[in-house]
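Subject: Structure handover

Hi,

Here is the structure for you to look over. My notes on it follow below.

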Amino acid sequence: MTTLTVGACLSLSGKHARFGKQAQLGLEVWHASNSALDLVIQDDQSDPAVLRASLRGLSDRCDILLGPYSTQLMRGAGDLAAELGRLIWNHGGSGDDVEAAHPGHVISVLTPTSRYAEPFLRHLAGTEALPVRIVCGKGGFGRQVAAGAEVIARSLGIDTVRLGPGDDLPQAAGGGWGLLCAGAFEEDIETIRRARSLPAPPRTVCAVAAGVREFGRALDDPSGVYGVGQWFPGTGDPAEVGIGEPDFLAAYQDRAGVLPDYPAVQAVAAAIIATHCATAAGGTGRDALWSAAASLETTTLFGAFKIDPHTGMQLGHQPTLIRWDSDGPAAV
């Protein structure tokens, strides 16, 4: 097989740039140890129209296509991949609908959105089964996290109330209450600030935003807040394919001066799985790649990989739970 060209559309500007740039750096670190591969990255500017044009151009020149960061953008990328008859590797859109929308055209490495809240709710059920207010953001991502959280909480005997981003939080709650924030990064920060200013603030807080290190710089005092995310250092099994976590973290930190968050690692995992499947299949045809991925069960530095062979939805990977203290985030 000739040299592979891996193409990715990432938000290097616009509202998703905070994490798109991490994904870019992660892929560049990975590429530095894979000189036999070519890597092409284009800025989608966090704009669906720009993404569509850029991805169409990448499709003409790249053997492997990696999707963008964000569920909204990945929704459009999946639609275009189906139109073009291509396969796209999804590392940035965890929405259940996105992961299952185009069988044969989208393969996901991410835990689906509906399972995001599971580690927090199971932890809560094992400690103090507080009633939980779930505040979802304006977009579909937050609604899917909230809907999945309600189902999981019900199975654990935890009472929930779902609220929108602008709804009033409880002014008093005898016995205490818990807060689960599931929105865009800025939405979660604002919700936590509002909740902490109440006469009866929540006893326990968990937020999707708290799953990344940027959270500690955005909130005055993150101590005590739980975060859920796709990955945290040291929580996975040793990698069976691709670069190992210790080597990647050292190389990333050498380049960036800080450790990566999960957006960088999940992008690298998608590239590792995609190129592994291309090697196993002996080519990059859509059917061959799909077949190779559908039969694959393995681990990368990101964790477990196993997809539903009919939909491409991720089954093997599990979300992680962390908790912030005065020294920063730590796995629970």
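S70 is found in the loop between β3 (64-66) and α3 (71-84). Helices here are DSSP runs of H or I with at least four residues, strands are runs of E with at least two, and both are numbered from the N terminus. Phi of S70 is near 110°, a positive value in a residue that is not glycine. S70 counts as buried, at 6% relative accessibility. Buried means under 20% relative accessible area, exposed means over 50%, and partly exposed lies in between (1.4 Å probe, protein chains only).

Before the rest, the ground rules. This is a predicted model, in which local features need pLDDT of at least 70 and side-chain atom pairs count only at pLDDT 80 or more, while totals for chains, interfaces and linings use all residues. Residues are numbered from 1 along each chain as its sequence is written, and side-chain values use heavy atoms, with hydrogens and water left out.

Q45 also has a positive phi, near 60°, and is not a glycine. Q45 sits in the loop between β2 (38-43) and α2 (48-61). Its relative accessible area is 44%, so Q45 is partly exposed.

S94 lies in the loop between β4 and α4 (96-100). At 3% relative accessibility, S94 is buried. Leaving out residues up to four places away in sequence, S94 touches T71, E99, L110, T111, P112, T113, Y116, F141 and Q230. Contact means heavy atoms within 4.5 Å.

T113 is in the loop between β5 and α5 (118-127). T113 is buried too, at 0% relative accessibility. Beyond its neighbours within four places in sequence, T113 is in contact with S94, G95, D96, F141, Q144 and V145. For scale, T113 and V40 are 73 residues apart in sequence and 28 Å apart in space, C-alpha to C-alpha.

Strands and the crossover

Strand β6 (residues 132-136) pairs with strand β7 (residues 160-163) in the parallel sense, over four bridges. Two strands pair if DSSP finds at least two bridges between them. R133 has V161 in β7 as its bridge partner. From β6 the chain passes through helix α6 (residues 140-156) to β7, and this β-α-β crossover is right-handed. That term means a clockwise path from the first strand over the helix to the second, with the strands pointing away from the viewer.

A153 is in helix α6. A153 is buried, at 1% relative accessibility. Its contacts, apart from neighbours within four places in sequence, are L121, I158 and T160.

A hairpin of two residues joins β13 to β14. R323 stands opposite A330 in β14.

Cores

The largest nonpolar core has 91 residues, of which L66, W89, F120, F215 and F248 touch the most other members. A nonpolar core is a set of buried Ala, Val, Leu, Ile, Met, Phe, Trp, Tyr and Cys residues joined through side-chain atoms within 4.5 Å. Helix α10 supplies the largest share of this core, 13 residues. F215 is in contact with F185, I189, I192, A209, A210, P222, V225 and W324, leaving aside neighbours within four places in sequence. A second, separate core of 15 residues includes L51, A77, A81 and I88.

Helix α11

In helix α11 (residues 286-294), the residues L289, W290, A292 and A293 are buried. Seen down the axis of α11, the buried residues fall within an arc of 165°, so they line one face of the helix. The arc is taken from the directions from the helix axis to the C-beta atoms. These buried residues pack against β4 (88-90), β5 (106-108), α10 (262-281) and β12 (303-305).

Cysteines

C9 is buried, at 0% relative accessible area. C62 is buried as well, at 6%.

Best wishes
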